[in-house]
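Subject: Structure handover

Hello,

Here is the structure you asked about, with the sequence. My notes on what was found follow below.

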Amino acid sequence: ENNVNKVIALSTDKASNPINLYGATKLVSDKLFIAANNLAGSKKIRFSVVRYGNVIGSRGSILPLFLNLKKQNSKILPITHKNMTRFWISINEGIKFVLNSLSIMKGGEIFIPKMQSIKIIDLAKAIYPEAKFKFIGIRPGEKLHESMWSIDETRSVLEFKDYYLIIPEIKFFDLTSNYNIDRNRNKGKIVKKDFVYSSLSNKNFLNVHQIKKIINK
């Protein structure tokens, strides 16, 4: 009704192999947005999804909690698990990725940026090395590591220089959309059949010094 041409939904790593209700609803949202390309009728509108990890300093994230505990001169920082890892992306990086995805989207894709990983214990060391760490255990519905897609989605994943792209397996009624997705396929590299983009196996890990620089910035 408002002549909108492109819509991008903001998703999360929690949508991949969801183990809590939040992740499950995000997965449903992803599926609905991709399927919406079949419901557009004669309107020239396309729907895609951007899926990324934890935004640095976002509301409810661990960074503000650690900083607040340091400000209160707490002697203890609570850590769920010593091996826990997470993807990390800044607000500006997230915004730029969404805008770039909006400019190149053809409809039906899930865009995933290549991100950095951190160990939660390294984040604690970077913020408040003087504190003692208390391991409190993984909370219900929480993952030890994060992945951006399931092993069954790997067959539909293409790798580009700065991002990954999940091609929709459903066929849209609009054949021009399929043509555009195939054109994207020729530019990307098909990932290995057993490859899953995980915060644990990620090659780009930040060390304590690098994390400290980002926090100070």
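Which residues does K70 touch, not counting residues up to four places away in sequence? The contacts of K70 on that count are I127 and Y128. K70 itself is found in helix α2. With a relative accessibility of 37%, K70 counts as partly exposed. K70 and K44 are 26 residues apart in sequence, while their C-alpha atoms are 52 Å apart in space.

Before the rest, a word on confidence. This is a predicted model. The mean pLDDT of the protein chain is 90, and 94% of its residues reach 70 or more. Confidence is highest in strand β6 (residues 110–113), at a mean of 97. Confidence is lowest in helix α5 (residues 175–187), where the mean is 59.

Sheets

There is an open sheet of six strands, and its order is β1-β2-β6-β10-β9-β11. The pairing in this sheet is mixed. At its edges stand β1 and β11 (189–190). Each of these two has a single partner strand, so one side of each is left without a neighbour in the sheet. Within the sheet, strand β9 (residues 157–159) and strand β10 (residues 163–166) run antiparallel and are joined by three bridges. L158 stands opposite L165 in β10.

An open sheet of three strands is also present, in the order β3-β5-β7 and again with mixed pairing. Its edge strands are β3 and β7 (116–119), each of which pairs on one side only. Two bridges link β3 and β5, which pair in the parallel sense. N54 has W88 in β5 as its bridge partner.

As background, strands of a sheet pair through backbone hydrogen bonds, either parallel or antiparallel.

Pockets

The largest pocket holds about 880 Å³ of space. Its lining consists of 36 residues, and those that lie nearest the centre of the pocket are K14, N54, G60, S61 and R139. Elements that give two or more residues to this lining are β1 (6–12), α1 (21–35), β3 (54–55), α2 (62–71), β4 (76–79), β5 (85–89) and α4 (120–127). By type, the lining of the largest pocket divides into 17 nonpolar, 11 polar and eight charged residues.

The lining of the second largest pocket has six nonpolar, three polar and five charged residues.

Is T80 buried or exposed? T80 is buried, because its relative accessible area is 12% and the cut-off for buried is under 20%. T80 sits in the loop between β4 and β5. Leaving out residues up to four places away in sequence, T80 touches I136, G137, I138, R139 and E142.

Regards

Notes
Residues are numbered from 1 along each chain as its sequence is written. This is a predicted model: local features need pLDDT of at least 70, side-chain atom pairs count only at pLDDT 80 or more; totals for chains, interfaces and linings use all residues. Side-chain values use heavy atoms; hydrogens and water are left out. On a 1 Å grid over the protein atoms alone, a cavity is a set of points where a 1.4 Å probe fits but cannot get out, and a pocket is an open set with protein on both sides within 12 Å along at least five of seven lines; lining residues have an atom within 4 Å of a point. Grid points are joined across faces, edges and corners, and a volume is the space filled by probe spheres set on the points. Helices (H or I, at least four residues) and strands (E, at least two) are DSSP runs, numbered from the N terminus. Ala, Val, Leu, Ile, Met, Phe, Trp, Tyr, Cys and Pro count as nonpolar, Asp, Glu, Lys and Arg as charged, and the others, Gly among them, as polar. Buried means under 20% relative accessible area, exposed over 50%, partly exposed in between (1.4 Å probe, protein chains only). Contact means heavy atoms within 4.5 Å. Two strands pair if DSSP finds at least two bridges between them. pLDDT is the predictor's confidence in each residue, from 0 to 100.
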